[in-house]
Amino acid sequence: MQVLITLAFALLHANQPQRARKTPRKAVAQAERLDQPHLLGLALGMHATLRFVCGEGFDEADIDRAVALEDPDIFTPLVFRRPSAQRALLLEWTGRP
């Protein structure tokens, strides 16, 4: 899961958002299957961000679910971006700071 989220982040920053867009769905499925709520939140947050970047709109339900699953006590490397940070970016990008 973590590798898939990292891959999505790398592809996005390599200007390949359409390729990046497919990767978090796999991470979401794995996190759900393994019952890993924090990782599921990270995957959902990346998925919502990439959908927005690819022109598919702002999925507030996914980002809200991601934030609800976020565990503030678990160390999260910057590359993963916490769902709360992703939500803040999405709100800013949609003119709702």
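Reply: Two residues are said to be in contact when heavy atoms lie within 4.5 Å. The model considered here is predicted.

In that sense of contact, helix α4 contributes I63, D64, A66 and V67, which meet P83, S84, Q86, R87 and L90 in helix α5. Sorted by class, this contact of α4 with α5 has five nonpolar, two polar and two charged residues.

The arrangement of the two helices comes next. Two packed helices are described by the angle between their axes and by the distance between those axes. Here α4 covers residues 60–69 and α5 covers residues 83–93. Their axes come within 8 Å and cross at roughly 150°. Angles over 145 degrees count as roughly antiparallel, and α4 and α5 are therefore roughly antiparallel to each other. The crossing of α4 and α5 is left-handed.

The pair may now be placed in the whole protein chain. The chain has five helices and zero strands, and from the N terminus on its elements run α-α-α-α-α. The C-alpha atoms of the chain fill a box of roughly 35 × 25 × 20 Å, taken along the principal axes. A compact globule with 97 residues would have a radius of gyration near 13 Å, and the 12 Å of the protein chain agrees with this. Buried residues make up 43% of the 97 residues. Among contacts between residues at least 6 apart in sequence, 57% join residues at least 24 apart.

Terms used
Residues are numbered from 1 along each chain as its sequence is written. This is a predicted model: local features need pLDDT of at least 70, side-chain atom pairs count only at pLDDT 80 or more; totals for chains, interfaces and linings use all residues. Side-chain values use heavy atoms; hydrogens and water are left out. Axes are lines fitted to C-alpha atoms, for helices over the stretch in contact, and angles run from 0 to 180 degrees between N-to-C directions. Helices (H or I, at least four residues) and strands (E, at least two) are DSSP runs, numbered from the N terminus. Angles under 35 degrees count as roughly parallel, over 145 as roughly antiparallel, 65 to 115 as roughly perpendicular and the rest as oblique. A crossing is left-handed if the near helix is turned anticlockwise from the far one by less than a right angle, and right-handed if clockwise. Ala, Val, Leu, Ile, Met, Phe, Trp, Tyr, Cys and Pro count as nonpolar, Asp, Glu, Lys and Arg as charged, and the others, Gly among them, as polar. The radius of gyration is taken over C-alpha atoms; the globule rule is 2.2 Å times the number of residues to the power 0.38. Buried means under 20% relative accessible area, exposed over 50%, partly exposed in between (1.4 Å probe, protein chains only).
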